[in-house]
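I opened the model today to look up a few places in it. My notes follow in the order I took them.

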Amino acid sequence: MSYCLHSESDWDTGPIYVRENGKLHVVNQGAGGVRNVTAETRPFRLFSRGFSVELCMNREDDRARRQRTDHFIFTYTKEGNLRYSAKSLFSLVLGYISDNVDHIDSLIGFPEQIAEKLFSAAEARQKFTEPVTGLRALQKFTEAYGNLVLCSLCLRNRYLVISEKLEEIKSFRELTCLDLSCCKLGDEHELLEHLTKEALSSVKQLLLKDNSLSDAGLRRMTAPVRVLKKGLENLLVLDLSCNPKITDVGIGYLLSFKKLNCLDISGTGLKDVSAVIKRIQTQIGLVHSKVPLKEFDHSNCKTEGWAEQTILQWEQAVMETIKPQDNLRTAALHFYGKTHRIQEVVKCKLVEAETKACESLQFYKEKVQNCHFPLKKEVAGSHDLKNSKKRALAEHERERTSKQKHLCLTVEDWDLLNTY
């Protein structure tokens with residue numbers, strides 16, 4: 001005879017079952033007797049009355065559940081039947097990491113192909129628009145991939161985006177083209193100081209049209225190049241038009257950009273234009289152009305890189321914050337019976353019209369055309385070789401003397417260098 005005891009608690013032992021001669025009996029402890037189970041059938045309950053079970057899978061809050069994409073892809077067959085297939089493990093992991101992209105320690109050494117997909121997934125979730133976590137996540141990508149994140153940035157007439165996302169803009173590295181036209185930054189703006197940092201030494205095209213710059217701003221911007229041979233030393237195209245506070249003194253600071261190929265100083269406050277033209281031509285080899293140059297058309301400057309959609313998201317977020325104020329103002333004017341006077345913000349189109357009215361001062365570097373003629377005698381070849389050696393020695397001597405000139409620093413330059 002075998003016994004099977006089932007106890008749920010110490011004070012309630014429950015029924016005791018006894019098997020005898022192939023039949024199961026229940027022992028009544030209170031009466032001390034044995035009853036046959038078949039005589040009185042009573043359903044056995046594993047749990048007490050009122051007990052319920054709730055099946056929970058991926059339990060999250062309602063907001064996170066709405067944001068989380070489903071793990072299945074639903075499509076329709078040719079017959080019109082609904083068909084679903086599970087997403088790949090790669091896409092599921094990619095979505096999870098993009099949701100927590102701000103917790104990544106480093107991406108240095110991570111494959112670029114997968115990093116681009118991760119950036120696009122985080123961009124689709126608008127992770128880079130968040131105030132604190134967005135900046136931290138963006139810095140991880142810019143530190144690891146540089147100009148792949150953004151190689152060209154166009155912020156023309158986007159002064160609100162600059163004021164709202166200044167730290168994010170400063171996180172971009174290895175930019176080759178930067179358009180800050182019509183932003184009214186001024187000489188003391190933090191972004192202009194950031195231009196002299198080593199992170200933006202790769203900038204080749206810089207457009208600073210209509211930014212309220214003066215000679216003091218140019219002196220600060222060119223100080224690392226003039227003294228330390230750092231900063232914007234690789235600059236090829238520079239637009240300083242429509243800055244009337246720039247005078248002949250400020251143009252002298254620009255002569256330190258030896259690699260400059262195109263320069264636009266139209267609409268500046270020059271006093272002796274002919275002397276400035278001659279000085280630019282003799283010292284940095286730029287020729288005054290009689291026709292407008294395509295380098296200053298501004299239509300070629302575009303935002304290019306992984307973060308192209310991120311810049312658009314920033315702009316849309318800024319515009320959405322402005323709309324409610326405009327609606328309230330318009331409603332108030334209608335309430336008081338006043339007509340809304342159209343006062344458009346001064347845009348670059350008006351500035352361009354003023355620039356066209358004044359004299360165009362655009363400069364370019366003439367390309368030396370190499371004429372290859374067959375040499376008839378070997379003596380001519382040796383003569384050219386001697387001339388090239390003499391030219392190289394002369395250039396070396398000129399460079400040595402120029403370095404000696406740079407060693408003579410003014411007190412203002414030393415004060416400026418101490419600020420870096």
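**Entry 1: Phe74.** I looked up Phe74 and found it in strand β5. I kept in mind that this is a predicted model. Is Phe74 buried, exposed or partly exposed? Its relative accessibility is 47%, so I noted Phe74 as partly exposed. The cut-offs behind that are under 20% for buried and over 50% for exposed.

**Entry 2: the strand partner.** Next I checked how β5 pairs. Strand β5 covers residues 72-76, and its pairing with β6 is antiparallel, over five bridges. I then read off residues that face each other. Phe74 has Tyr84 of β6 opposite. Phe72 has Ala86 of β6 opposite.

**Entry 3: the turn.** I followed the chain from β5 into β6. The two strands make a hairpin with five residues between them. Which residue there takes a positive phi? I found that Gly80 does, with a value near 90 degrees.

**Entry 4: cover over β6.** I went through strand β6, residues 82-86, for burial. Of its five residues, the number buried is zero. I therefore wrote β6 down as lying largely in the open.

**Entry 5: the nonpolar patch.** I looked for nonpolar side chains on the surface. Phe72, Phe74, Tyr76, Leu82 and Tyr84 form a patch there. Together they have about 610 Å² of accessible area. Which elements give two or more residues to the patch? They are β5 and β6. The most comes from β5, with three residues.

**Entry 6: Glu130.** I moved on to another place in the chain. Glu130 sits in the loop between α3 (112-124) and α4 (133-145). Its relative accessibility is 29%, so Glu130 counts as partly exposed. I checked its side chain for contacts. A polar contact of 2.4 Å links it to the side chain of Thr133. I also looked up a distance across the sequence. Glu130 and Trp314 are 184 residues apart along the chain. Their C-alpha atoms are separated by 9.8 Å.

Notes. Residues are numbered from 1 along each chain as its sequence is written. This is a predicted model: local features need pLDDT of at least 70, side-chain atom pairs count only at pLDDT 80 or more; totals for chains, interfaces and linings use all residues. Side-chain values use heavy atoms; hydrogens and water are left out. Buried means under 20% relative accessible area, exposed over 50%, partly exposed in between (1.4 Å probe, protein chains only). Helices (H or I, at least four residues) and strands (E, at least two) are DSSP runs, numbered from the N terminus. Two strands pair if DSSP finds at least two bridges between them. Patches are made of residues with over 30% relative accessible area and no salt bridge: like charges are joined within 9 Å, nonpolar side chains (Val, Leu, Ile, Met, Phe, Trp, Tyr) within 5 Å. Accessible areas come from the Shrake-Rupley method with a 1.4 Å probe; for residues, only the protein chains shown count as cover. A salt bridge is a side-chain nitrogen of Lys or Arg within 4 Å of a carboxyl oxygen of Asp or Glu. A polar contact is a pair of N or O atoms within 3.5 Å; within protein, one must be able to donate a hydrogen and the other to accept it, and residues adjacent in sequence count only if both atoms are side-chain atoms.
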